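I opened this notebook to record what I looked up in one chain. The entries follow the order in which I consulted the structure.

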Amino acid sequence: MKFKVSNTKLHAQLQILSRLIASRNSVPILESVLFEVRAGKLFLASSDGENRLETWMDLDEQEGDDFSFAVKSAFLLEPLREIPEQIITFDINEADLNTVVSYLNGQFVYRAEAADQYPVMDPLREDAPSYAVPAKVLDEGIAYTLFATSQDKARPITTGICVDAREDRLSFVGTDGFLLALYSNSDVKVAAPVEFILSRKPSLLIRLLLQKLDPESLINIHVGDKHTIMSCDEFTLRCSLIAGKYPNYRSVFPKEQANVLEVDRQKTVAALRRVSMFSDKTLGMVELDLKANALRMCCRDIDYSTSADEYMDVSYSGEDMIISFKINHLLDIFSTFDLSDTLQFKLGDKTAPGLVMPASLPENVELKAMVMPLMR
């Protein structure tokens, strides 16, 4: 059988699909992308054994019956990248799967693999809860919380994002035990509460897929016991879930903090990056010295007798205080929370967690992060 397709469109799809393929696979077929030629369309799928991504595209021409086969992604990614924009032809011998890919000035040949070797995932149960989320909300929810998650596999729950759908809002939460980020949007509501913990790998992949969509496109989410399926007109992503009960995140946010610091987000990020070069590499601590409308940031490395101080004019109301945080935590929050040019940093005493939030937000959005101080 033969089919013709745009090489640049196919290459773009394969680039995304290859993100899901693990660098080392105990199952050899998972190094490949599944091709299904059906009714003038090309359906593509990749998997790492736990997650599965399916995309599709129109063919320019199909000759012969519908047919399926698998191809190692490395066989196609590099050659297609070097071919100028054009229509290329795949000619597959259905008996031995010998494949010839022809383009304007030449061809390359490889042997495909049988499609029946590719794993098939069980469907979700018929009564699995589902709801729809605008692409923009899903993208923001992941972007504003994923940075706070841990990469410590000994605590698997903290390595993923909690997606908590309620009757009045949809919330995304990430934490590593010292830092907690929350994003909520009240425009998305569900009839009955449903919660799951999305692992890091599909979270990164869904953000990549969402960049190509209209922000108002709806993503349908179906929640199973071990997997969730996110789908739209362009793709279907089956994501593995992390088992376990997520802690009651709203109960840990401090209720009252009398000391309020307001800073320019971009200027503060730049200042933190400068002083961070002189921080102790083990603790990575920055000291904040707060006085009326004045902030001094200080990093020091006693082992190397180096230090850095930076002074900023800020808006601060509260008691004079000196409090220390892990500088990477502050950099992550201040770099990520870009919904406002001004951030509020609310503090209790030097042992209480700090609360960071944009100074202004849309009425339907809640965004904040809690960060634990360091004790000298």
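**Burial and strand pairing**

Entry 1. I began with helix H6 and listed its buried residues: Ile 327, His 329, Leu 330, Leu 331, Ile 333, Phe 334 and Thr 336. I noted that the model is predicted. H6 spans residues 327-336, and with seven of its 10 residues buried I recorded the helix as mostly covered.

Entry 2. I then consulted the record for the annotated domain. The unreviewed UniProt entry assigns "DNA polymerase III beta sliding clamp central" to residues 133-248. Over residues 133-248 I found the chain to be 17% helix and 36% strand. The end C-alpha atoms of that stretch lie 23 Å apart.

Entry 3. Which residues of strand E16 form its covered face, and which its uncovered one? I assigned Ile 219, Ile 221 and Val 223 to the covered face. Leu 218, Asn 220 and His 222 make up the uncovered face of this strand, which runs over residues 218-223. I set beside this the general rule that side chains in a regular strand alternate between the two faces of the sheet.

Entry 4. I looked up the partners of E16. Strand E11, residues 130-134, pairs with E16 in the antiparallel sense over five bridges. In this pairing I located Ser 130 opposite His 222 of E16, a residue of the uncovered face.

Entry 5. I turned to strand E17, residues 227-231, which is paired with E16 by four bridges, again in the antiparallel sense. Here Asn 220 stands opposite Ser 231 in E17; Asn 220 also belongs to the uncovered face of E16. How many residues does the hairpin from E16 to E17 pass through? I recorded three residues for this hairpin.

Terms used: Residues are numbered from 1 along each chain as its sequence is written. This is a predicted model: local features need pLDDT of at least 70, side-chain atom pairs count only at pLDDT 80 or more; totals for chains, interfaces and linings use all residues. Side-chain values use heavy atoms; hydrogens and water are left out. UniProt positions are given in the numbering used here, feature names are shortened, and annotations may be inferred rather than shown by experiment. Helices (H or I, at least four residues) and strands (E, at least two) are DSSP runs, numbered from the N terminus. Buried means under 20% relative accessible area, exposed over 50%, partly exposed in between (1.4 Å probe, protein chains only). Two strands pair if DSSP finds at least two bridges between them.
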